[in-house]
Amino acid sequence: MALRAPSPPGPTRARRVARPTGLLLALAVLGGCVLLSISVGSKAIAPVEVWNALVHYDGGYDHDVVRSLRVPRTILGVFVGAALGLAGALMQGLTRNPLAEPGILGVNSGAAAAVVVSSVVLGVSGTALVWPAFIGAALAAVAVYALGSRGRAAATPVRLALAGTALAAVLQGLVHGVVVLNDFAFDRIRFWQVGSLVGRDIEIFWQVAPFLVAGIVLTLCMGPSLNAVALGDDLAASLGARIPVVRALAAVGIILLCGAATAAAGPIWFVGLVIPHIARIITGPDQRWLLPYSAVLGAILLTASDVVGRLVVPGAELEVGIITAIVGAPVFIALVRSRKMAQL
Amino acid sequence: MSDTLSKRPGPARSHAPHGTVPVRPLRGRLSFLARPRTLAVVLVLVLVSAFTLALSVSVGDYEVPLSAVPAAIFGYGEHLDVFFVQDTRLPRALTALGVGAALGVAGAVFQSLSRNALGSPDIIGFTSGAATGAVAAILAFGAGRLGVSLGAIAGGLITAAVVYLLAMKNGVQGYRLVLVGIGISAMLSSVRDYLMTRAELTDALGAQIWMIGSLNGRGWAEVAAVWIAFVLLGGVLFAYARRLRFMELGDDTARGLGVNTRSTQIVAFAAASALTGAAIAVAGPIGFVALAAPQLARRLTRSGGTTLVGAAAMGATLLVVADLVALRALAPTQLPVGVVTAVIGGTYLIWLLYTEWRGGRA
């Protein structure tokens with residue numbers, strides 16, 4: 001980790017200026033999204049009232065809506081979005097695989113299976129369910145990666161996706177078996193299975209917040225090491241990078257980020273896939289910039305999707321997990337169709 | 001070195017390929033190659049599935065002794081025996097056989113058309129599309145039995161077509177097909193989840209069971225439907241078996257051998273899709289039989305290409321066994337058979353990937 005960055009050759013002068021400015025701009029956009037998220041909703045509340053709710057809380061109905069509904073979901077959106085964006089960037093950088101993504105790698109099904117089994121078999125309920133979700137997500141990610149990278153050849157995009165699909169099939173079978181026998185579990189899992197920022201107990205967020213923050217900090221520090229990994233294992237080792245250490249730390253980061261994000265908001269597809277690709281268009285391949293960009297853009301995508309979900313169906317809300325899946329799948333397919341898919 | 005060489009079989013007396021025996025009945029007016037190993041495997045599979053069928057007809061809360069089963073099937077014996085066998089258990093088991101055979105054949109055809117072990121309806125989005133179509137029909141339109149079946153078929157066909165078109169770019173490549181299928185399936189699964197959260201609990205439960213695939217309560221109407229479809233569409237595919245095996249050698253080679261590749265592709269794809277649709281209409285989108293059956297059959301018969309007969313026998317055996325497990329594993333509760341096939345099939349897929357990648361092959 002003490003490695004000095006072998007930064008990718010020649011960032012152009014334009015890019016050297018553009019990258020910090022762009023990051024500031026992205027942060028400003030995120031600020032805008034956060035403001036929108038606490039002021040827009042099916043209950044129309046004047047901006048002045050929103051401001052008053054934040055600074056002069058009077059306990060009235062409108063103030064309560066802002067404080068106990070909109071602020072928590074905004075915080076959740078920012079952190080979960082940042083975590084998923086970072087997790088995607090980390091997975092793609094580590095595996096040098098453009099399709100690596102928490103959802104494709106079976107994290108969602110692992111968490112779902114753990115939630116169902118622990119709530120039905122072990123009787124876990126309420127906020128305590130966060131731990132099974134966390135552990136299930138982590139185990140699934142590790143299992144899929146281990147299966148996909150087996151053998152001498154590197155883990156190719158197809159392999160990881162297939163390993164994820166195979167594991168997801170088995171876990172889904174188990175989940176289906178349990179919920180068919182237990183109406184109560186089915187009723188719970190059908191709502192949990194849709195990734196959402198509302199209806200989650202904010203207590204859950206506070207429980208996983210330390211893990212989220214630790215994962216985000218750890219990952220943001222890994223830019224230089226990931227740059228070395230991008231050169232290939234042999235070259236990286238000859239430059240002094242300790243590849244096993246880097247891989248182990250990255251695995252810890254992925255587990256912290258995916259586990260905590262899925263535990264807090266439920267399964268959310270494709271954010272981790274799309275965001276690093278958009279970030280790469282802006283920053284180029286340098287991970288020191290790619291990672292912070294991925295975090296900020298991920299937060300923007302999730303809060304913006306959440307706001308859109310409140311507006312798109314009048315009088316009702318569309319969960320953020322649905323929106324990201326419908327927006328993300330076409331991007332995934334476009335990536336699969338592009339000729340450069342095999343390279344990164 | 002010379003020892004091992006000398007142990008190799010000498011040049012065969014006939015010019016038949018290894019492992020085949022030329023058969024010329026009717027004084028040579030008909031002539032074809034038979035593979036004794038394939039015949040033996042198919043025979044064993046038929047015996048196993050017949051025995052499992054008898055077993056699943058006999059066991060249950062009301063036990064029919066195995067020795068009484070054959071008589072009861074034809075309406076003789078004790079009144080209650082005949083009632084349970086003829087009215088409930090036999091149609092269910094025969095549906096399982098038919099659906100399994102149909103899925104096995106369709107899977108084999110899909111795999112040989114895409115020249116890819118993973119080109120089965122499960123991976124290319126057919127199953128996922130059918131599940132979504134059925135769930136939409138139940139929850140959004142409140143459809144009845146027939147409407148749900150039609151919704152499932154439409155969903156499956158549309159999804160398969162979309163996946164196929166999106167994967168097309170200088171021809172369809174196997175892996176692109178697989179990846180596009182995975183992406184579309186992910187999107188559809190979140191659409192299903194959305195519909196589930198907006199429905200009443202009882203409706204959602206019904207949709208959930210249909211979505212997994214189940215043989216509970218299937219009667220003679222379903223038996224007739226699936227077997228008629230299997231005989232008609234399977235017949236077409238069996239007639240195309242030779243051409244399909246040539247197609248596995250590559251388009252150019254197949255053309256060189258006199259196969260009209262385009263029409264073969266279209267006819268086989270249409271018939272296999274319709275067959276899958278029929279199986280799904282009867283039993284719901286039962287997963288992984290179409291993926292695993294042709295591969296298992298191929299490994300057992302040690303044949304170089306897909307064998308449609310072997311795949312059909314294997315599919316039927318797999319589903320009959322899986323249904324017996326689904327019936328008895330948590331008796332008296334009946335699991336949907338799709339749960340069993342997903343767990344078994346998914347594990348098999350993991351094993352397949354695990355062993356194929358061990359040697360470092362991609």
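Biologist: Why is Phe270(A) called buried?

Modeller: This is a predicted model, so everything here is computed from its atoms. The cut-off for "buried" is 20 or more other C-beta atoms within 10 Å. Phe270(A) has 29 such neighbours, so it counts as buried.

Biologist: And where does Phe270(A) lie?

Modeller: In chain A, Phe270(A) is in the loop that links helix H11 (243–265) to helix H12 (271–283).

Biologist: What makes the backbone of Phe270(A) worth a look?

Modeller: Its phi is positive, about 75°, although Phe270(A) is not a glycine. Most residues other than glycine have a negative phi.

Biologist: Which loop of chain B holds Phe288(B), and what is the phi there?

Modeller: Phe288(B) lies between helix H12 (261–283) and helix H13 (289–301) of chain B. This residue, again not a glycine, has a positive phi of about 75°.

Biologist: Stepping back, how do you know whether chain A agrees with a compact globule?

Modeller: By its radius of gyration. For 344 residues a compact globule would be near 20 Å, and chain A has 20 Å, so the two agree. Its C-alpha trace spans about 65 × 55 × 35 Å along the principal axes, and 52% of its residues are buried.

Biologist: What share of the contacts in chain A joins residues 24 or more positions apart?

Modeller: Counting contacts with a separation of 6 or more, that share is 78% in chain A. For chain B, with contacts between residues at least 6 apart, 71% join residues at least 24 apart.

Biologist: Which residues have the most contacts inside the largest nonpolar core?

Modeller: That core has 227 residues, and the list is Ala83(A), Ala141(A), Ala260(A), Ala102(B) and Val105(B). Helix H4 (residues 79–114) of chain B gives the largest share of the core, 16 residues. As for Ala102(B), its contacts beyond four places in sequence include Val226(B), Phe230(B) and Leu275(B).

Biologist: How many residues of each chain are in contact across the two chains?

Modeller: 44 residues of chain B touch 42 residues of chain A. On the chain B side, H7(B) gives the most, with 15 residues. By class, that side has 29 nonpolar, eleven polar and four charged residues.

Biologist: Which stretches of chain B does UniProt list as "transmembrane region"?

Modeller: The unreviewed entry lists several, including residues 148–167 and 220–241 of chain B. In the model, residues 148–167 are 95% helix and 0% strand, with end C-alpha atoms 28 Å apart. Residues 220–241 of chain B are also 95% helix and 0% strand, and there the ends are 30 Å apart.

Notes:
Residues are numbered from 1 along each chain as its sequence is written. Chains are lettered from A and ligands numbered from 1 in the order in which they are written. This is a predicted model: local features need pLDDT of at least 70, side-chain atom pairs count only at pLDDT 80 or more; totals for chains, interfaces and linings use all residues. Two residues are in contact if their C-beta atoms, placed from the backbone, lie within 7 Å. A nonpolar core is a set of buried Ala, Val, Leu, Ile, Met, Phe, Trp, Tyr and Cys residues joined through C-beta atoms within 7 Å. A residue is buried if 20 or more other C-beta atoms lie within 10 Å of its own, exposed if 12 or fewer, and partly exposed in between; C-beta atoms are placed from the backbone. Helices (H or I, at least four residues) and strands (E, at least two) are DSSP runs, numbered from the N terminus. The radius of gyration is taken over C-alpha atoms; the globule rule is 2.2 Å times the number of residues to the power 0.38. UniProt positions are given in the numbering used here, feature names are shortened, and annotations may be inferred rather than shown by experiment. Ala, Val, Leu, Ile, Met, Phe, Trp, Tyr, Cys and Pro count as nonpolar, Asp, Glu, Lys and Arg as charged, and the others, Gly among them, as polar.
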